[in-house]
Amino acid sequence: MAVNGVGNTGSSAAPEQVVRKTGDRNLGKDDFMKLLTAQLKNQDPNNPTDSKELVTQLSQLSSVEQLTQMSTKLDALTRATNSGAANSSAALIGKSVNGVADTVALLASGSVEGAVKFKAVPDKATVSVLNEAGRVVRTFDIDKPQVGLNGIKWDGMDNGGDRATPGKYTFQVAATDKAGTAMEADMSVSGVVRGVFYENGAPELEIGGGDGVPGTRMPLSNLTSISQ
């Protein structure tokens with residue numbers, strides 16, 4: 001808020017002190033009122049503050065107050081929403097789920113599953129499995145890809161026929177139409193929820209993993225289906 005007109009008197013120390021006191025932080029409603037009060041107190045009787053300017057400043061104070069209240073209410077709503085999500089997500093532990101992600105956890109035995117969604121029928125779709133170093137360890141084609149979700153399953157074997165090392169792997173899908181043009185493909189993974197984490201401000205599910213292998217971290221908002 002401008003404090004024009006305060007300097008019309010010989011006593012402008014009080015407003016300047018207020019400015020110096022509040023200048024190193026954001027102007028709040030209390031600071032706003034102090035400045036306005038100081039301006040009225042130190043105005044020149046022969047040149048009083050313009051009434052229109054005063055009305056403008058009061059309306060600004062009202063706006064500050066409303067924004068402050070709105071921010072407080074939004075913060076409370078966010079906390080309540082996150083708390084509710086945290087409570088409900090804990091009930092998902094032990095459930096089989098599907099969600100948007102492209103990483104999987106391979107154990108010493110067993111396979112891992114996922115799905116890829118196409119908006120149009122590809123002529124060819126190939127899945128590449130990459131290890132944590134970014135090296136391709138296995139490739140395989142999706143048999144008769146269709147529009148919508150297409151289930152994929154990796155048996156855990158590499159291209160040489162050996163069992164891949166337990167750890168985290170990434171699925172990459174390359175799909176093309178009959179003209180050889182690349183097509184969009186949305187990846188999702190399936191597995192059992194083993195835990196829920198809250199360290200990033202919102203619930204994240206840990207899918208799969210075990211035996212020292214961390215599972216896939218997926219935000220709760222990426223969840224697409226739940227089953228027993």
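Predicted model: local features only at pLDDT ≥ 70, side-chain atom pairs only at ≥ 80, totals over all residues.
## Around strand S7

Residues are numbered from 1 along each chain as its sequence is written, and side-chain values use heavy atoms, without hydrogens and water.

S2 (103-106) runs antiparallel to S7 (residues 167-176), with four bridges. (Strands are DSSP runs of E, at least two residues, and helices are runs of H or I, at least four, numbered from the N terminus; two strands pair if DSSP finds at least two bridges between them.) S7 also pairs with S4 (residues 124-130), again antiparallel, over seven bridges. There, Lys124 sits opposite Thr176.

## A hairpin

What stands opposite Thr176 in S8? That's Ala182. S7 and S8 make a hairpin with five residues between them, and Gly180 in the turn has a positive phi of about 85°.

## The whole protein

Zooming out, you'll find three helices and twelve strands. Of the 228 residues, 32% are buried (under 20% relative accessible area, 1.4 Å probe, protein chains only).

Look at contacts (heavy atoms within 4.5 Å) between residues at least 6 apart in sequence: 66% of them join residues at least 24 apart.

Definitions and conventions:
Buried < 20%, exposed > 50% of the residue type's maximum accessible area, 1.4 Å probe, protein only.
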